[in-house]
Amino acid sequence: MSYQWNWSVFAQETVVGDGSTYAGWMLAGLKMTVTVSLCAWVLALVMGAIVGVLRTVPHKGLRGAATAYVEVLRNIPLLVQLFIWYFIIPELLPTAWGNAIKQLPPDAQQLGAAILCLGLFTSARVSEQVRAGIESLPIGQTRAALALGLTLPQAYRLVLLPMAFRLIVPPLTSEFLNIFKNSAVCSTIGLLELAAQGRQLVDYTAQPYESFIAVTLMYLLINVVVMGLMGLLERKTKVPGYMGQ
Amino acid sequence: MAYEFDWSSIPGSIPFLMEGLGVSLKITACALVVGMVWGTVLAMMRLSPVAPLRWFGTLYVNLFRSVPLVMVLLWFFLLIPQLLQQVFSLSPATDVRLTSAMVGFALFESAYYAEIIRAGIQSVPKGQLAAATALGLSRLQAMRLVILPQALRNMVPLLLTQAIVLFQDTSLVYVSALADFFGAAYKVGDRDGRLVELLLFAGAVYFVLCFALSRLVQLLQKPRVQH
């Protein structure tokens, strides 16, 4: 077993002649991973907040709908959801819409499906955290807000949500980390993110170990940066007087 | 709605799909057993007073928890077969995909199980360890006879929830072209040009199985809350 280590492979120009080096491919993959994850994260936060609130409102129908949303998204594997967004939704939409989607360039289709899928998948998990955050607040907060003349939407917007979000920063951090890792699943529909670029590098250079190590280091880097930033946020938004923060 | 559904390719392919489900369950079971055992060892390493053991446990768990499962599976699929073939001088035709998928899964999931088990061990009051040591048990005996049995009981719901996640994650062996349940459904759909129906069917089956299991976990949890 003699493996020829060759780290200079990253500085070489790619054989496909696109003027990029292999390191350039890696960075393009990193950029794609970050883009997809951040866009999906915004969607996940917005949908997660809405659904999380709906799960705690007094209206039974709304609560039921929100619970169904969460259960469906949590009990179907991410890969299956991704394939449904990418291959199936365009077929099920009205013909004109479906055709419009299929005429987009393939990478736009992949990006759209990836962001939608990851965002909604994660929103179900975020909504559980939001719900837990709201439920952890004393019921007196809602009552006091209503007694002061706020409407229920105002009570959520001005009293409950600001508190709940500050309490759930730590679990949201791990969901934020998960979204970066889950974005690797999008390589299965052909999205050229970090894991896919790593695999491409193996196919073109036959240097699997260097590629493996480089991709792993980049994921570690993402983790460290996200944990650092969220740690800062956690310290900034910490609510005095609560345990475990 | 322009799309016309045709579900007729599903009944005929049930045996093939069931075989796929068997592969999914096999991988889940293997990862579960190995993950629990190796996870317990890792958790004990992380809590060990011996520094090198603690470092190793921490490094292992943090490394596996910061890389995506797809990538781990992909690398196990690309690298391990070659390695196995070189080490055991197997013929290149031997199909080691299932084995490497199982090994990849087990190693990856043990990092997650280790964290659950560590939290479980830490949820046992310190006095238990002190009392066990005072009674003359060695640290390993105390772990095995006193701490772990209590810790495991506290962890059952979390371990089962993680098992559901694990079962869902087995669909990712798709990257190594193994025909697990999802892979089988995809193959049938691709063959008959009925991808829409087969993928929706696969999604429905996963949903029913995982939803039923998660309800079961909730039932298990209920009596615990009361005391």
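Why does Ile10(B) count as partly exposed? In this predicted model, the reason is a count: Ile10(B) has 17 C-beta neighbours inside 10 Å. On this scale, a residue is buried if 20 or more other C-beta atoms lie within 10 Å of its own, exposed if 12 or fewer, and partly exposed in between, with C-beta atoms placed from the backbone. Residues are numbered from 1 along each chain as its sequence is written, while chains are lettered from A and ligands numbered from 1 in the order in which they are written. Because the model is predicted, local features need pLDDT of at least 70 and side-chain atom pairs count only at pLDDT 80 or more, whereas totals for chains, interfaces and linings use all residues.

Ile10(B) sits in helix α1 (residues 9-12) of chain B; helices (H or I, at least four residues) and strands (E, at least two) are DSSP runs, numbered from the N terminus. Leaving out residues up to four places away in sequence, Ile10(B) touches Glu197(B) and Phe201(B), where contact means C-beta atoms, placed from the backbone, within 7 Å. Ala185(B) lies 175 residues from Ile10(B) along the chain, yet their C-alpha atoms are separated by 8.9 Å. Phe201(B) is also among the contacts of Ala185(B), together with Leu17(B), Leu198(B), Leu199(B) and Ala202(B), again setting aside neighbours within four places in sequence.

Ala185(B) also belongs to the largest nonpolar core, which has 116 residues. Such a core is a set of buried Ala, Val, Leu, Ile, Met, Phe, Trp, Tyr and Cys residues joined through C-beta atoms within 7 Å. Leu82(A), Val70(B) and Leu73(B) join Ala185(B) as the residues with the most contacts inside the core. Helix α5 (residues 106-136) of chain A provides the largest share of this core, 12 residues.

Chain A itself has 10 helices and zero strands, and its C-alpha atoms fill a box of roughly 75 × 50 × 30 Å along the principal axes. Of its 245 residues, 37% are buried. Among contacts in chain A with a separation of 6 or more, 75% join residues 24 or more positions apart.

Where the two chains meet, 31 residues of chain A are in contact with 30 residues of chain B. On the chain A side, α2 (60-74), α3 (78-92), α9 (194-205) and α10 (208-237) each supply at least two residues, and α3(A) gives the most, with eight.

One of these helices, α9(A), has 12 residues and reaches 16 Å between its end C-alpha atoms, close to the 16 Å expected at 1.5 Å a residue, the expected span being 1.5 Å times one less than the number of residues. Its buried residues include Leu194(A), Gly198(A) and Leu201(A), and their cover includes α1 (22-54) and α10 of chain A together with α4 (69-88) of chain B. In the loop between α9 and α10 of chain A comes Ala206(A), which has a positive phi of about 55 degrees although it is not a glycine. Ala206(A) counts as exposed because it has 11 C-beta neighbours inside 10 Å.

Met155(B) is one of the buried residues of α7(B), as are Ala151(B) and Phe167(B).
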